[in-house]
Amino acid sequence: MTAAIVGVGSALPERAVPNSHFEAIGSSDEWIVKRTGIRQRHFLPEDGHLADLALAASRTALALSGRTAREVGHVVVATTTPDRTTPGLAVEVAARLGADRAAAFDLHAACAGFVYALDHAVALIESGRASTVLVCGAEALTRITDHEDRSTAVLLGDGAGAVVVAEVADAAPGSSAGTRTGPFVEPAFRLGSDGELIPLLYADRYDRKLRMDGPEIFVQAVERMSEAARDVLARRELTADDVDLFVAHQANARIVRAVGKELGVAPERLYLNVDRVANTSSASIPLALHQAWREGRLGPTGLLGVAAFGAGVTWGAGVIGWRLPKPEADPMEAG
């Protein structure tokens, strides 16, 4: 037996915000697209609840997995922007799902939070302490955005994504692309942090807004994600060609493409949706996975590569298999 992703889901606020929204602070659509690849993002209303998005994404993931809420042993929500200081989002999501037997907690590792939580879910399954774990990334970054700062305001959006990680039979299913017929790869992860680099990206209790050294973050993100991903591939004796789809944290299209180039990931195996949703922090990878599934980029089986980098600084990368139902024919329309 091994751990694999068996369900995916996502949810976005109704309000889609185009780049023209930022003309008032001196940012044109052309300027934003050229530097970030972003064309729109979604904003949660000021009176909106992030728990509603997390719940919707989690329900979809659970439904696709074919599991029931009572089978979920742990609910882990990665977020930096919960509705309450305490309790966290996870306990509310678990209760509203009906996962009344589940342990539930929030995990805070900024934009790398989902990869950290995914590693934790796999460890629970491999240790025999759980057979089904729900992992959700949910963010309302507009709550900590300085909407007058064009260096950060144009980058950020709100949303939620979720996956169900479960114990599956270790067979040889091949890949979604029909190219790999080797054994189902056991998951592997590498996580890291460096608190000396806190001043590069942070929000403190006085200002309560994200502040970022953009150029240095770009350099650090590409270097750390690439290094971690190379280490994970080497530990499993894999190359980039063995990965059916690679999904990096959708911070910026140039960062994602740079990491893909460093690793030698073929363009058709590198997923990008930052143009539609912008940077949603810990929600970005699972949100991208659900959109990729809706677009037919995730077939019934395959091997996923993930990498993320965030404030802290924190980073991580991993490989994990997926087993999902047949994807829907029509692509998901963000918004």
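Is Cys 136 buried or exposed, and what is its relative accessible area? Cys 136 is buried, with a relative accessible area of 0%, where buried means under 20% relative accessible area, exposed over 50% and partly exposed in between, using a 1.4 Å probe and protein chains only.

The model shown in these views is predicted, so that local features need pLDDT of at least 70 and side-chain atom pairs count only at pLDDT 80 or more, while totals for chains, interfaces and linings use all residues. Residues are numbered from 1 along each chain as its sequence is written, and side-chain values use heavy atoms, with hydrogens and water left out.

**View 1. The whole chain, with nine helices and 13 strands.** Helices (H or I, at least four residues) and strands (E, at least two) are DSSP runs, numbered from the N terminus. The radius of gyration of the chain, taken over C-alpha atoms, is 18 Å, close to the 20 Å that the globule rule gives for 335 residues, so the chain is as compact as a globular protein of that length; the rule is 2.2 Å times the number of residues to the power 0.38. Along its principal axes the C-alpha trace spans about 55 × 45 × 45 Å, and 58% of the 335 residues count as buried.

**View 2. The cysteines Cys 111 and Cys 136, in a structure that holds zero disulfides.** A disulfide is a pair of cysteine sulfur atoms within 2.5 Å. The sulfur of Cys 111 has its closest cysteine sulfur in Cys 136, at 15 Å, which is too far for a bond. Cys 111 also counts as buried, at 13% relative accessibility.

**View 3. Helix H3 (residues 89–97) and its cover.** The buried residues of this helix are Leu 89, Ala 90, Glu 92, Val 93, Ala 94 and Leu 97. What covers them includes helix H2 (50–65) together with strands S4 (74–78), S5 (103–107) and S6 (132–140). Just after H3, Gly 98 takes a positive phi of about 90°.

**View 4. Val 306 in strand S12 (residues 301–310).** At 1% relative accessibility, Val 306 counts as buried. Leaving aside residues up to four places away in sequence, Val 306 touches Val 115, Phe 189, Phe 246, Val 247, Ile 285, Gly 316, Ala 317 and Gly 318, a contact being heavy atoms within 4.5 Å. The C-alpha atoms of Val 306 and Leu 156, which lie 150 residues apart along the chain, are separated by 20 Å.
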